[in-house]
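Biologist: Please pick one part of this model and walk me through it closely. I would like every cut-off spelled out as you go.

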Amino acid sequence: MNYWLFKSEPDAFSIDDLANRTNQTEHWDGIRNYQARNFLRDKVQQGDQVFIYHSSCKNVGIAGLAEVVKAAYPDHTQFDPESNYYDPKSDPENPRWFMVDVKFVAKFKQILSLKNIKSMPEITELGLVKKGHRLSIMPVTKAEFEHLLAHCEQ
DNA sequence: GCCAACGTTGGC
DNA sequence: GCCAACGTTGGC
């Protein structure tokens with residue numbers, strides 16, 4: 001099993017939105033970065049645990065936990081001319097972009113803030129705390145995952 | 001294949 | 001809203 005951190009802008013899609021979806025499950029579409037795509041397509045597996053991170057908002061940090069319930073399959077929004085994520089260069093026979101389905105597990109009583117995470121001596125290799133890393137999907141090691149989870153109140 | 005210009009991300 | 005840091009694009 002692997003561990004991940006998915007970023008989302010809560011104005012667009014928050015941990016509460018995930019909790020309110022049918023079956024508390026939603027597809028994670030709109031990933032349009034090759035490095036993030038490669039993680040999604042090649043490494044993210046059913047059963048993996050995912051921190052949901054709120055970015056570009058007042059209170060940035062880890063907001064909750066989700067679980068991957070379906071591994072990568074083609075992101076349909078790439079073929080939809082009406083979608084913001086439309087990619088005319090993607091070939092339906094050989095899709096360029098993928099998505100996974102995630103299911104709500106928990107919302108933390110408090111956001112584990114970025115500031116707090118950055119202050120942890122144990123968390124130095126996570127992309128989140130490294131300068132210039134802007135990946136919307138990033139791997140988290142088991143040790144990091146357990147350390148971070150221990151600081152979250154469910 | 002280089003690299004300047006441009007667009008996007010995301011913390012602050 | 002600012003702006004630094006990236007990623008992508010496209011002319012050459």
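Modeller: Gladly! The residues of the surface near DNA strand B comprise 2 nonpolar, 3 polar and 3 charged. Here "near" means that a C-beta atom, placed from the backbone, lies within 6 Å of the strand; Ala, Val, Leu, Ile, Met, Phe, Trp, Tyr, Cys and Pro count as nonpolar, Asp, Glu, Lys and Arg as charged, and the others, Gly among them, as polar. This is a predicted model, where local features need pLDDT of at least 70, side-chain atom pairs count only at pLDDT 80 or more, and totals for chains, interfaces and linings use all residues. Residues are numbered from 1 along each chain as its sequence is written, while chains are lettered from A and ligands numbered from 1 in the order in which they are written.

The residues surrounding DNA strand B are Lys7, Ser55, Ser56, Val60, Leu114, Lys115, Arg134 and Ser136.

Now to helix α4, residues 142-150 (helices are DSSP runs of H or I, at least four residues, and strands runs of E, at least two, numbered from the N terminus). Glu144, Phe145 and Leu148 are buried there, with 20 or more other C-beta atoms within 10 Å of their own; exposed means 12 or fewer, and partly exposed lies in between. These three lie on the same side of α4, because they cover an arc of only 100° around the axis, taken from the directions from the helix axis to the C-beta atoms. On the other side of α4, Lys142, Ala143, Glu146 and Ala150 are exposed. The cover over the buried residues of α4 includes β1 (3-8), β3 (49-54) and α3 (114-118), contact being C-beta atoms, placed from the backbone, within 7 Å. Leu148 is also one of the residues that Phe51 touches, leaving aside those up to four places away in sequence.

Note on methods:
Contact = placed C-beta atoms within 7 Å.
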